[in-house]
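Please load the model in your viewer and get ready to pick out some charged side chains. We will go from stop to stop, looking at who pairs with whom.

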Amino acid sequence: MLRTGLTGGIGAGKSTVATRLVERGAVLVDSDVIAREVVEPGTEGLAAIVEAFGRDVLDADGRLDRPALAAVVFADAGARRTLDGIVHPLVRARSDEIVAAAAPDAIVVQDIPLLVEGGMAPAFPLVVVVGVDAEERVRRLVSARGMAEQDARARIAAQATDEQRRAVADVWLDNSGDPEDTRRRVDALWDGRLTGFEENLRTGRPAVDGPPLLVEHDPDWAAQARRLAERVAVAAGGRGVEHIGSTAVPGLPARDVLDLQLAVESPAAADLITDALVTAGFPVDAAAPGGDAGTVRVHRSADPGRAAVLAVRVHGSPAWRHAVELRERLRADATARTDYAAHKRAAAERHADDADPRHYRACTAEWRSDPDE
């Protein structure tokens with residue numbers, strides 16, 4: 001099963017994307033729909049709201065009067081926190097029930113409007129953000145929903161910024177075009193990434209890496225690695241995760257494969273979190289050796305759209321120290337960086353037709369990182 005977080009600002013057209021994903025076979029968990037279900041008449045959610053805010057938030061039929069409730073909580077942060085404390089746990093519980101009932105090969109899409117604001121992105125192996133320019137969103141809210149322009153701008157301003165959404169987005173799905181263009185983008189995401197990711201997770205198989213191809217340093221690697229590191233840290237119970245390897249060194253050419261290092265207290269501690277790492281999108285790389293000077297095991301990303309290697313190492317071990325010290329030396333020493341880049345290019349040429357990345361990695365590991373050696 002692949003759990004995918006879907007979000008986007010008001011007016012971005014997230015429901016259009018969700019509808020197409022369902023048409024392709026996704027199991028949709030719609031937080032907005034569930035949030036309405038858990039406060040229907042007769043539910044514990046509605047009873048708790050009435051207890052907190054009084055019967056003035058009910059209409060004549062005993063149902064929740066949403067405008068009346070909004071008038072109470074919109075300008076009162078404490079009231080909003082009270083409401084969130086009632087509704088959010090109920091929504092999470094119902095969402096968990098739907099996810100648990102999904103088939104083992106399901107692609108579950110959890111539509112969460114406030115995913116960014118709630119800090120929930122690291123809980124998903126993949127996050128898709130539906131993006132549209134703010135001015136276009138205002139236009140849509142005014143023309144399609146009949147919202148006053150001032151109200152539309154206030155709603156947008158109260159949510160996360162595009163910068164904050166981009167920071168958590170594994171996929172930024174542009175929905176500024178016509179509906180057919182959006183459907184094509186969703187289909188490309190489904191066929192080119194989601195189905196392969198799900199299959200890899202279900203079978204415990206990392207995504208295919210391929211022959212070494214060096215590219216110039218991408219400034220976005222740091223943000224991508226930070227996103228993956230936060231995901232791994234949540235799965236690992238808050239343990240430290242670092243971006244290491246060539247992609248962590250500005251100016252150094254590298255394969256477009258992110259290297260991460262997870263620090264554990266002992267091999268036994270690593271054993272306890274293995275399943276959680278797999279669920280987070282990092283199956284064990286059965287072909288990679290473990291027990292090498294502190295390396296317990298190696299995981300690799302199952303995501304066909306973002307190659308990554310996760311080394312689980314005992315904190316303070318020789319392997320852990322070597323990875324950190326090599327990164328810091330290459331960042332600080334331009335001469336070493338140039339020499340290492342030449343060594344990497346030679347290794348890449350030597351293994352250009354080799355589909356097994358271990359051979360290229362072994363060759364680059366021969367570079368002597370100690371200036372006194």
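Start by selecting glutamate 149 and arginine 153, which sit four residues apart in helix 7 (residues 149-157), so about one helical turn separates them. (Helices, H or I of at least four residues, and strands, E of at least two, are DSSP runs numbered from the N terminus.) The side chains of these two residues meet in a salt bridge, 3.0 Å from N to O. That term means a side-chain nitrogen of Lys or Arg within 4 Å of a carboxyl oxygen of Asp or Glu. Glutamate 149 is partly exposed at 44% relative accessible area, and arginine 153 is partly exposed at 34%. (Buried is under 20%, exposed over 50%, partly exposed in between, with a 1.4 Å probe and protein chains only.)

A word on the source: this is a predicted model, where local features need pLDDT of at least 70, side-chain atom pairs count only at pLDDT 80 or more, and totals for chains, interfaces and linings use all residues. Residues are numbered from 1 along each chain as its sequence is written, and side-chain values use heavy atoms, leaving out hydrogens and water.

Next, select arginine 297 and aspartate 271: their closest N and O atoms are 2.7 Å apart, in another salt bridge. Arginine 297 belongs to strand 10 and aspartate 271 to helix 11 (residues 267-279), so the pair ties together parts 26 residues apart in sequence. Aspartate 271 is partly exposed, at 45% relative accessibility.

For the last stop, highlight Arg20, Glu23, Arg24, Asp187 and Asp191, which salt bridges with shared partners join into one network. If you want to keep exploring, the structure holds 32 salt bridges.
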